[in-house]
Amino acid sequence: MAALQYLNPQSTQTLRQGIYEFHQAEVTENDASNTVAPELLADIDMHDAIHVLFGCPTHLDGEILAHVWTALGTTVSLQAMHRVNRHQDHRSVLAEIGHRHLLKTWLKSIPQILMNVLQALRMKRRWPAENYAAYLDQRLCDLRHEFKIHIPPQSSHGGRAGAALRSVHSF
């Protein structure tokens, strides 16, 4: 599969176009977003915008990095993150992924996590993800410049393992 444009640090796509591309990459028969609890839909949409703006791929490693960016690079509170993580739908997805597999992926991702922590500390200010809709028609390169978001170049999305609540795959 060709590289996803939103992963390019200099992408001129709008946030809206990047989210569309992200969703197209995530199309799967196992799309959990159709059955997820209605109270999580806004959180999932915001999370997808975070994936795109911060250049997080669609595989499990990218999911972990999106959570790091959410905690350190956005105005989303840890309390709000915990609310979603405690929800039964999220817990079911994690159980299907497998806690052992998830832990191994977290450990493997430590170098990239540390790089993201440093990048988040260098941002001008945190991105107000709760208000992501106000940014939908702005170019990704402009938003990344405005908030001083630096993401590494990526040649491809490296396969799909799905955003945690967007799709569920067996490992």
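1. Start with His51. In this predicted model, His51 sits in helix α2. Is His51 buried or exposed? Its relative accessibility is 0%, so His51 counts as buried. The side chain of His51 has a partner: a polar contact of 3.0 Å joins it to the side chain of Glu63.

2. Next, the nonpolar core. The largest one has 40 residues. Which residues have the most contacts inside it? They are Leu15, Leu53, Phe54 and Trp127. Several helices contribute: α1, α2, α3, α5 (88-97), α7 (110-121) and α8 (140-147) each supply at least two residues. Helix α3 gives the largest share of this core, with 7 residues.

3. Leaving aside residues up to four places away in sequence, Trp127 touches Leu15, Ala49, Ile50, Leu53 and Phe54, among others. Its contacts also include Gly73, Thr74 and Thr75. Tyr132, Tyr135 and Phe147 are on the list as well.

4. Now the aromatic pairs. How many does the structure hold? There are 5. One of them is formed by Tyr6 and Phe22. Their ring centres are 6.0 Å apart, with 75 degrees between the planes. Planes over 60 degrees apart count as edge-to-face, and this pair is edge-to-face. Tyr6 lies in the segment before α1 (15-25), while Phe22 lies in helix α1. The two are 16 residues apart, and the pair links distant parts of the chain. Tyr6 is buried, with a relative accessible area of 0%. Phe22 is also buried, with a relative accessible area of 0%.

5. A second pair joins Phe54 and Trp69. Why is this pair called stacked? The ring centres are 4.6 Å apart and the planes meet at 25 degrees, so the pair is stacked; the cut-off for stacking is planes under 30 degrees apart. Phe54 is in the loop between α2 (41-53) and α3 (60-73), and Trp69 is in helix α3. Phe54 is buried, with a relative accessible area of 1%. Trp69, at 1% relative accessibility, counts as buried as well.

6. Phe54 ties these points together. Phe54 is among the residues with the most contacts inside the largest nonpolar core.

Conventions
Residues are numbered from 1 along each chain as its sequence is written. This is a predicted model: local features need pLDDT of at least 70, side-chain atom pairs count only at pLDDT 80 or more; totals for chains, interfaces and linings use all residues. Side-chain values use heavy atoms; hydrogens and water are left out. Rings of Phe, Tyr and Trp (its six-membered ring) pair if their centres lie within 6.5 Å; planes under 30 degrees apart count as stacked, over 60 as edge-to-face and the rest as tilted. Helices (H or I, at least four residues) and strands (E, at least two) are DSSP runs, numbered from the N terminus. Buried means under 20% relative accessible area, exposed over 50%, partly exposed in between (1.4 Å probe, protein chains only). A polar contact is a pair of N or O atoms within 3.5 Å; within protein, one must be able to donate a hydrogen and the other to accept it, and residues adjacent in sequence count only if both atoms are side-chain atoms. A nonpolar core is a set of buried Ala, Val, Leu, Ile, Met, Phe, Trp, Tyr and Cys residues joined through side-chain atoms within 4.5 Å. Contact means heavy atoms within 4.5 Å.
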